[in-house]
Amino acid sequence: MVDAPEAVVPEWLGVYLRGVAMGCADAVPGVSGGTIALITGIYERLIAAVTAVDPRRVRRVLVGIRPKNLPDARAAFLEMDGPFLLVLGAGIGTAIVTVLRVVEHLLEAAPVVTFGFFFGLIAASAVVLRHEVDLSTPGRKAAAVAGFVVAFLVSGYAAGALGDGLAVVFLAGALAVSAMVMPGVSGSLVLVILGQYERMTDALSTFIDAVLGAVSGGSPDALLAAAPPVIVFCGGGVVGLFTVAHAVRRALATYRAATVAFLVSLIVGALRAPLVEVGRVLADTGSSWGAAAPRFGLAAVGGAAAVLLLDRYAGAIEY
């Protein structure tokens, strides 16, 4: 029996709006899109759909361009819950593009306040998830220490050590997109830790402007120049989604307590990243922490309040 259109439309609109909420969360360092998926009740379906995507089913879909293969292609697409992934992805993409345009402007106009807000988002996310951490064994304690140390050290040195080549963009895409589907760790937080957040925000904004320019009749040269980092990032994201994300899910299934301790401690260690970024801004402008601290602190309180309110009114954030 085929669902009536009036029943289908609200269902897919709900999926799209959940995608928008996930995209908004993943566009800023703090609450992850995976956490929003949990809160809104679609996390298990999302994981099932992602893990159902495999080369065999993708091949069946691609050969559907031949009329005789169309029924099997449609069956493979439904086996992967393709309609759900497409609608959810459209919502995520819409939000990320919109929010990152705003963030780009804020990073240029008020970087201290923006990174202060990020600091509050990250700190409150760790506080919200603290009840999930169990440090009752030496192994779990070691995992927690490792998570903190990795994030703390990488947050200070990644931007200079990794450079700005396309290989770094690919790695950033793989790690950030895989983090997007995990509760607790935001894809944007991973980019902040790697020192790639501002770079990819600028790259996406430039790409969008180039696309709009080409559509309105402008030269395609700007689009060709702006496309490589975005394409490479998306390619890394696809690889990460079906490799790194699967590995982390297996770790959660096999060593859940230790993995959760590592992830939450990773968030705590990442608190260094906004401080480092603000320090660079202050050094470039010849300002000092004494003058910037009140603005940074107030913005941090605002970011923390946003996460705590979300946790209180949308439901407890759990794995």
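Where is the place of Asp81? Select Asp81: its place is in the loop between α5 (70–79) and α6. Helices here are DSSP runs of H or I, at least four residues long, and are numbered from the N terminus.

**Before going on**

This is a predicted model, in which local features need pLDDT of at least 70, side-chain atom pairs count only at pLDDT 80 or more, and totals for chains, interfaces and linings use all residues. Residues are numbered from 1 along each chain as its sequence is written, and side-chain values use heavy atoms, with hydrogens and water left out.

**Stop 1: Asp81**

Stay on Asp81. Its phi is near 55°, a positive value in a residue other than glycine. Is Asp81 buried or exposed? Asp81 counts as buried because its relative accessibility is 18%. Buried means under 20% relative accessible area, exposed means over 50%, and partly exposed is in between (1.4 Å probe, protein chains only).

**Stop 2: helix α6**

Now select α6. It has 28 residues, which should span 40 Å at 1.5 Å a residue. Its end C-alpha atoms are 40 Å apart, which agrees. The expected span is 1.5 Å times one less than the number of residues. Colour the buried residues of α6, including Phe84, Leu88, Ile92, Ile96 and Val99. Glu104 is also one of the buried residues in α6.

**Stop 3: the nonpolar cores**

A nonpolar core is a set of buried Ala, Val, Leu, Ile, Met, Phe, Trp, Tyr and Cys residues joined through side-chain atoms within 4.5 Å. In soluble globular proteins, nonpolar side chains tend to be buried together. Which residues touch the most other members of the largest nonpolar core? Select Met22, Leu46, Leu88, Tyr197 and Phe233, out of 53 residues in that core. Helix α6 (residues 82–109) gives the largest share of this core, eight residues. Another core lies apart from it, with 14 residues, among them Leu189, Leu252, Ala270 and Leu271.

Zoom in on Leu88. Contact means heavy atoms within 4.5 Å. Leaving aside neighbours within four places in sequence, Leu88 is in contact with Val15, Arg18, Gly19, Met22, Ile42 and Leu46.

**Stop 4: helix α7**

Move to α7. This helix has 19 residues and reaches 27 Å from its first C-alpha to its last, close to the 27 Å expected at 1.5 Å a residue. Why is α7 largely enclosed by the rest of the structure? Because 14 of its 19 residues are buried.

Select Leu129, whose place is in helix α7. Leu129 is buried, with a relative accessible area of 3%.

Go on to Glu132, in the loop between α7 (111–129) and α8 (138–162). At 15% relative accessibility, Glu132 counts as buried. A polar contact of 3.4 Å joins the side chains of Glu132 and His131. Such a contact is a pair of N or O atoms within 3.5 Å; within protein, one must be able to donate a hydrogen and the other to accept it, and residues adjacent in sequence count only if both atoms are side-chain atoms.

**Stop 5: aromatic rings**

Show the rings of Phe, Tyr and Trp (its six-membered ring): they pair if their centres lie within 6.5 Å. Planes under 30 degrees apart count as stacked, over 60 as edge-to-face and the rest as tilted. How many aromatic pairs does this rule give? The count comes to five. Phe115 and Phe118 form an edge-to-face pair, 5.9 Å centre to centre with 85° between the planes. Being three residues apart in helix α7, Phe115 and Phe118 are separated by about one helical turn. Both Phe115 and Phe118 are buried. Trp289 and Phe296 are also edge-to-face, because their centres are 5.3 Å apart and their planes are at 80°. Trp289 is partly exposed at 35% relative accessible area, whereas Phe296 is buried at 7%.

**Stop 6: Ala273**

Finish at Ala273, in helix α15 (residues 272–285). Ala273 is buried, with a relative accessible area of 1%. Not counting residues up to four places away in sequence, Ala273 touches Ser155 and Val192.

Definitions and conventions:
Helix = DSSP H or I, 4+ residues; strand = E, 2+ residues; numbered from the N terminus.
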